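Here are my notes for someone opening this model for the first time. Have a look at the fold, then go through the points below.

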Amino acid sequence: MAARDADHGSGAVRGTLALVLVLALVAGGVAVWHYDLLDRWLDDAAAPADPSTDPVAVAPPPGVEVPEVVAPPAVAAAASLTRPVAAGVVRRTLRPYLRDVDLGDHVLAEVAPLEGGPAVFTRGGGADTATPASTTKVVTTTAALLALGPDHVFTTETRLAGRRLSLVGGGDPLLERAPRDLAGRPWAYPARADLAALATETAAALAAAGVPRVRLSYDDSLFAGDGVNPAWEPDYVPDGVVSPTTALWVDEGRSPSGAGRVADPSAEAAAAFAAALATAGVRVVGEPTAAPAPDVEPLAAVDSAPLSQIVSRILDVSDNEASEVLLRHVGLAAGGDGSITAGSNAVRRSLTDAGVPWGDSVFHDGSGLSRRNRADPSTLLGVLRLAASPDHPDLRAVVTGLPVAAFTGSLTNRMDAGPPAGRGRVHAKTGTLTGVRSLAGIATTPDGTVLAFVLMADRIAGDLQVQAQTDLDSAAAALGACDCGR
């Protein structure tokens, strides 16, 4: 059986509670972190919140506890925040965890102050790389924000030529069949566009035009090439690890029951739209067919959530399908053809142009499912620093969207015990494949120093997966508890 990405959906119920971290600039631009979530939860006078636009302003769902330890607010003295990091202390802090035999014989790591300067700890080096697994999503989402901007939306529309109605996919990664009731469900953030709303709008436009019935076609030609990445394991798609990537799908290519994935997501979306049109009072003649859309003005349209919110969702729950869609969009934005190759090339080009060291890193997909991906720790650390830089505020969703230890997303049930305890102090993207564990993120020390770190192990024995994950979690948590200043 092929290796699976266990990050996807981990802790999704509590995990997508969008804990927002605000990156402040103090003492001449030093990056520090402040949580405002506790204040919101404890403020009885706060106005009622709209969970679709302000998910962190609502009360925590049943069973979710406020973290006992959180990173300190951004009020510490500038002197403590700018204190140099002692490399020897960092080395001694990490050594007992990274030397554990459970991790196997190939462990890479790099730690550096988030705001800049040389690394204070490295393990491995030169041309050495490791399989990054889902930490790849940090790379993909950063490149997408660079290419498109945080406010970009993806539009799904209908076009009419005579009595031929075309459903045109715009590559909305989170398009749904029907609206969700977000009341009291902040983990459903962000709000999604849906085909039911598009059908209602389309039906009204058809009625105004005096068109009572239509033949439906669909156009998913925005993306090019195969929907199944050749760098994935052969059974990923038949076994339902990931959906084929298309520019038109609903529920990320899942079946109506949500129990599995469909072989043709575009055709499934068209069938769902035909049913929604019928509910809205439009007679659809025959079955939907694939055909190029006419070059006319849209009849109706629905927009996705802004890209910044989609990025936060992807990183929080490690969404494989949405990551693959963003990879195609990066290729399109760079003037490519929306293919896997165009996307991968554009990701590298945009990030290296922005100053990220690339080394021998190679990414064959957007999600990290490919075992052929290779990442230099310096590349992942460079992406984190770029996203946190005050020179790039449009990338902030990458760092604010990282899962929070023992609290959100794929870290919901991790680093919740100690010592050391990383609860609230570590924010990191997880990576999980069989034999592979990785973390890439930030750790806030007790004095407010923010460290960027990358930890990777990709030769873990089959019976040591859990132990190895615990080792890396403990290493990250130890950074958060470290008195690393000189």
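1. In what sense do strand 3 and strand 12 pair, and over how many bridges? Strand 3 (residues 107-113) and strand 12 (residues 450-457) run antiparallel, and seven bridges hold the pairing. On that stretch, A112 sits opposite A452 of strand 12. Strands here are DSSP runs of E with at least two residues, helices are runs of H or I with at least four, and both are numbered from the N terminus; two strands count as paired if DSSP finds at least two bridges between them.

2. Before you go on: this is a predicted model, in which local features need pLDDT of at least 70 and side-chain atom pairs count only at pLDDT 80 or more, while totals for chains, interfaces and linings use all residues. Residues are numbered from 1 along each chain as its sequence is written, and side-chain values use heavy atoms, with hydrogens and water left out.

3. Now the sheet around that pair. It is open, has five strands in the order 4-3-12-11-10, and pairs in antiparallel fashion. Its edges are strand 4 (121-123) and strand 10 (426-433), each pairing on one side only. On average, neighbouring strands are turned by 10° against each other, direction ignored.

4. Helix 13 (residues 465-480) packs on this sheet and touches strand 3, strand 10, strand 11 (436-444) and strand 12. Contact here means heavy atoms within 4.5 Å. The helix direction makes about 15° with that of strand 11. Axes are lines fitted to C-alpha atoms, for helices over the stretch in contact, and angles run from 0 to 180 degrees between N-to-C directions.

5. On to charges. How many salt bridges are there? The count is nine, taking a salt bridge as a side-chain nitrogen of Lys or Arg within 4 Å of a carboxyl oxygen of Asp or Glu. One of them joins R159 and E157 at 2.7 Å, N to O, and R159 and E157 are both buried (under 20% relative accessible area; exposed is over 50%, partly exposed in between, with a 1.4 Å probe and protein chains only).

6. Another salt bridge, at 3.3 Å from N to O, ties D458 to R374. D458 lies in the loop between strand 12 and helix 13, R374 in the loop between helix 10 (340-353) and helix 11 (377-388), 84 residues apart. Buried or partly exposed? D458 counts as buried because its relative accessibility is 12%, whereas R374, at 27%, is partly exposed.
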